Amino acid sequence: MYKHEFQFTVFVNHKESLIERGLKGLRFRKKGDSFTLDMDCTYFHVVPFQHQPRSSLNGYRCYCNGSIEGATYLLDTSFGWTDPEVTGILCTIKDDDKTQEDWIHHLQNHVHCHMVDARGLFRYKKTMVSIVPEGICLHLHAPKGKKLDTLKSLQEIDSMRENISPLKYDLFSFLEEEDAV
């Protein structure tokens, strides 16, 4: 079973209480320290950093399992009014049918990937690819003092995700499902 999740590292120049009021106004529900927006089988979670600095930017991690368009929209809706600084984007891909060795072999044979470390670290353009026990992580980080162009960065990560693990569609499978019912 194939699953993916995007994770954003976001910094804003507003106090946590103001962000909390803004998210509640967008119908986010507070669960513990995080804020959640669930729609069908898709979610968007906003989790503040445990130890926020007193005088500088406040940090948040946002998690989303939707499309890049949905993730961009929800990120912009949640933080667009704060002029956010997105400094990191990570996409975790989990596939129950592949082991770590399968992923390493697959990426070694991938034309556009370059091995950085034989234990499971690859580079694709600016995106780093790490093999982890539960799957692979595609991550892109801004240089120190800079921020990422969120949409372009997501498109680069999604391009890599689609290249190494394309979604399989069978145009005629709906007919078989309909006949089975």
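**View 1. Asp38 and its salt bridge with Arg29 in the predicted model.** Asp38 counts as partly exposed because its relative accessibility is 37%. The carboxyl group of Asp38 pairs with the side chain of Arg29, with an N to O distance of 3.0 Å. Arg29 is also partly exposed, at a relative accessible area of 44%. Six salt bridges occur in the structure. Side chains of opposite charge can form such pairs when their charged atoms come close.

**View 2. The salt bridge between Asp117 and Arg119.** The closest N and O atoms of Asp117 and Arg119 are 2.7 Å apart. Asp117 is partly exposed, with 22% relative accessibility, whereas Arg119 is exposed, with a relative accessible area of 70%.

**View 3. The salt bridge of Arg161 and Asp158 within helix H4.** Here the closest N and O atoms lie 2.5 Å apart. Both partners belong to helix H4, which covers residues 150–164. Arg161 and Asp158 are three residues apart, about one turn of the helix.

**View 4. The largest nonpolar core.** This core holds 40 residues. Which of them touch the most other members? They are Phe8, Phe44, Val46, Phe79 and Leu138. Helix H2, residues 68–79, gives the most to the core, contributing five residues.

**View 5. Surroundings of Val46, a member of the largest nonpolar core.** With neighbours within four places in sequence set aside, the contacts of Val46 include the aromatic residues Phe28, Phe35, Tyr60 and Phe79. Val46 is also in contact with Leu23, Ser34, Arg61 and Cys62.

**View 6. The aromatic pair Phe11 and Phe49.** The structure has three aromatic pairs. In the pair shown, the ring centres of Phe11 and Phe49 are 5.5 Å apart and the planes stand at 90°, so the arrangement is edge-to-face. Phe11 belongs to strand S1 (residues 2–12), while Phe49 sits in the loop between strand S4 (42–48) and strand S5 (58–64); the pair therefore ties together parts that are 38 residues apart in sequence. Phe11 is partly exposed, with a relative accessible area of 21%, as is Phe49, with 25%.

**View 7. The aromatic pair Phe28 and Phe44.** The centres of these two rings are 6.1 Å apart and the planes are at 70°, so this pair is edge-to-face. Phe28 comes from the loop between H1 and S2 and Phe44 from strand S4, so the pair ties together parts that are 16 residues apart in sequence. Phe28 is buried, with a relative accessible area of 6%. Phe44 is buried as well, at 0% relative accessibility.

**View 8. Lys98 over the face of Trp103.** Lys98 is placed at 4.3 Å from the ring centre of Trp103.

**View 9. Positive phi at Arg27 and Asp83.** Most residues other than glycine have a negative phi. Arg27 has a phi near 70° and is found in the loop between helix H1 (16–25) and strand S2 (29–31). At 71% relative accessibility, Arg27 is exposed. Asp83, likewise not a glycine, has a phi of about 55°. Asp83 lies in the loop between H2 and strand S6 (85–95) and is exposed, with a relative accessible area of 56%.

**View 10. Cysteines Cys137, Cys91 and Cys41.** How many disulfides are there? The count is zero. The cysteine sulfur closest to that of Cys137 belongs to Cys91; the two are 8.4 Å apart, too far for a bond, because a disulfide requires sulfur atoms within 2.5 Å. Cys137 is buried, at 12% relative accessibility. Cys41, by contrast, counts as exposed, at 71%.

How values were computed:
Residues are numbered from 1 along each chain as its sequence is written. This is a predicted model: local features need pLDDT of at least 70, side-chain atom pairs count only at pLDDT 80 or more; totals for chains, interfaces and linings use all residues. Side-chain values use heavy atoms; hydrogens and water are left out. A nonpolar core is a set of buried Ala, Val, Leu, Ile, Met, Phe, Trp, Tyr and Cys residues joined through side-chain atoms within 4.5 Å. Buried means under 20% relative accessible area, exposed over 50%, partly exposed in between (1.4 Å probe, protein chains only). Helices (H or I, at least four residues) and strands (E, at least two) are DSSP runs, numbered from the N terminus. Contact means heavy atoms within 4.5 Å. Rings of Phe, Tyr and Trp (its six-membered ring) pair if their centres lie within 6.5 Å; planes under 30 degrees apart count as stacked, over 60 as edge-to-face and the rest as tilted. A charge sits over a ring if NZ of Lys or CZ of Arg is within 6 Å of the ring centre and within 35 degrees of the ring normal. A salt bridge is a side-chain nitrogen of Lys or Arg within 4 Å of a carboxyl oxygen of Asp or Glu.
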